[in-house]
Structures are given as structure tokens and as C-alpha cells.
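Try each task before you read its solution.

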Amino acid sequence: MRIEQDLKLGFKDVLFRPKRSTLKSRSQVDLNREFTFKHSGRKWKGVPIIAANMDSVGSFEMAISLAKYGAMVAVHKHYSVEQWADFVSANDASVLNNVMVSAGTSDADFDKLKDILALSDDLMFICIDIANGYSEHLVEYVQRVREAHPNMVISAGNVVTGDMCEELILAGADIVKVGIGPGSVCTTRVKTGVGYPQLSAIIECGDAAHGLGGMIIGDGGCACAGDVAKAFGGGADFVMLGGMLAGHQESGGEIIEKDGETFMKFYGMSSKSAMDKHSGGVANYRAAEGKTVLLPYKGSVENTIQDIQGGVRSTCTYVGAARLKELSKRTTFIRVQEQENNVYGKE
């Protein structure tokens, strides 16, 4: 047993230090990034915010709405090939280029992924997603998928340390998904005692990935637009959001009426709710690692994504970054013990 003594940081532990800026307006900030991916060689341009591949967030409807704002959706893995075919036939490259096809790591998942990708050349992103990215099985599966789909952009995870981030990139991943336990409906840290403060995970994994020409997704832990900006400032190439995009009409969650008010069910994909729905219940050898909550119904996601993007633009103006690409280079974080004045409650 050993203990690492250096402090690890979450989003609540820091604020941006403002700097002189020549920008006169938030409208001058360009949130688009243009990437060329290490293994596939594919190019992509857009706003690198991704709706998480949860079945109450990452829906086809969400993909259509967020594409209008240049953002992406990791579509959850529980749609059938037939449903994918209908979606693909109804949408063009402006939507399909911003969609990630999510997959597990079984042989059935591999075959289903192949069938979905065959539907359109405009599908270019794969999201290989398991809770424990430290499994050697994931490394072998990434190699298998890379061999079968050499021109696809492959994301794989989740991990939180540089060594495993490097291993996945060397195995064929273009992007590594970073985050264990920070999500709003994730209970992994409580059930297992495993995890890593999200900002430090992003900083360390970003450094490792960028050294090899790879990229990372900061997945989880964002509760407000300022946290999204902090993830980008810490070196995330993409930021994945779950709870912030849940509860909307495009989210795909179950709508519930209670005491005259409208709510939407939101749960982690390792929760009892998810496993009851998709896996026939919680297996007797494991524990559920997610919670189920009811969120007030928020209507269209368009106001929310505009608010998030507006917040990140504002961050850029405070530190003098004319483009999102410049934000991490202009970032100085200061350690704090308070974030906001809550005398009248949270917004």
C-alpha cells in the first residue's frame, strides 16, 4: 500500500485568474475547433461539447437539436440497427458527422457496430464505453475495432491516469474518455472507493494524450457552464455532459407527472433503473453504481446549450482567448475555498 500526498483538484477547487484582453465582445470568440485525428486521419470541425451516451440524454432527437449549434451527441447503445437506419435516412452529414455510435465490448456489440456503420459513410465517430477502462479487455477490443474500421475516429474509456490513457492511444484510440465517478448520478466512488478528482484527471490525461498526438474527452463532473470552461482550460479537447443536458424534451427520459408538476427520470447507466431496463436486473455478483433522480422538466434543450456556449465565450473574454483553442494556453487557475455567494440560494 502507498499514499500519494500531492493534492488532486476538482472543478470546485479553482477559479480562472482574469487577464488583460483585447476582445470587446463575447461575439468575437470562436468556439469551433478543427481536429485531425491521429489514427483515422479524419478531420472534424465543430463545437467540442458532447451529450453523454446515456439513454436519458444521448438520443437521436438530441443529436438533431445540438447539431444546429455545432455540438455532438454520443448516441446511447440501446437503439436497434433498424432505428439507426431510420435516423440515418432522415438526416444528412450536418447531423451524422456530429454523432458518435456507442458500443460495448462483446462480440454482439462488435457485430451491431459494424451493421450501424455500414449505413452511411457520414458516420465517423465510435464511442467504446465501459465503466472500468483499466481492463486489458478494453485495450484488446480497441485494437480489434481499429483493425476492422481503420478510417473511423475511435473514442475509448473511461480512465483517469496518464499511463492508461497512453496505452489506449497506442492501441488505436484517437480520443480517450476521462472520468471515473464525477457524474451527478454516478455512485462509483461511494460503492467502490475508486475515483479521481476530475480537473486533475483532465490535466494529467490531457498531458499524456497530447504527447502522443491523441485527444481526450472530459466526461462528467460539470454542474454549470463555468465547469465546462474549466474542463477546456485544463486541457480537455472535448467535454461530455450528462446531467446538464438531461430533463429536456430531446433527452429521451421518461416523463412523470407528480403533484401537478412535470418531471423527467434521469439515472446513471450502471444504476438499478438502467440494468432493470436493459439487462434484466442487477446481477447477483455486482452492485448498482448509479442513482435515479427526477429532474424538473426543462423544455427544449436549445436555451441550455446557448447558455453553456455563452458562458464559455464569456470565460474566453475574461482571459483574452479569441478562440476556444487558445483557452488552455491562456488559463491560470487559482486555488479557492469558495465559488459563489449563496446567501439567496443557488441559481
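**Exercise 1.** In what order do the strands close into a barrel?

*Solution.* First, the ground rules: this is a predicted model, where local features need pLDDT of at least 70, side-chain atom pairs count only at pLDDT 80 or more, and totals for chains, interfaces and linings use all residues. Residues are numbered from 1 along each chain as its sequence is written, and side-chain values use heavy atoms, leaving out hydrogens and water.

Now trace the barrel: 8 strands close in the order 4-5-6-7-8-9-10-11, with parallel pairing. From one strand to the next, the twist averages 25°. Strands here are DSSP E runs of at least two residues, and helices are H or I runs of at least four, numbered from the N terminus; two strands pair if DSSP finds at least two bridges between them.

**Exercise 2.** Find how many bridges join strand 10 to strand 11.

*Solution.* Take strand 10 (residues 215-219) and strand 11 (residues 238-241): 3 bridges join them. Next, look up Asp219, whose bridge partner in strand 11 is Met240.

**Exercise 3.** List what Trp84 touches.

*Solution.* Leaving out residues up to four places away in sequence, Trp84 touches partners including Phe60, Tyr79, Met100 and Leu123, where contact means heavy atoms within 4.5 Å.

How values were computed. Axes are lines fitted to C-alpha atoms, for helices over the stretch in contact, and angles run from 0 to 180 degrees between N-to-C directions.
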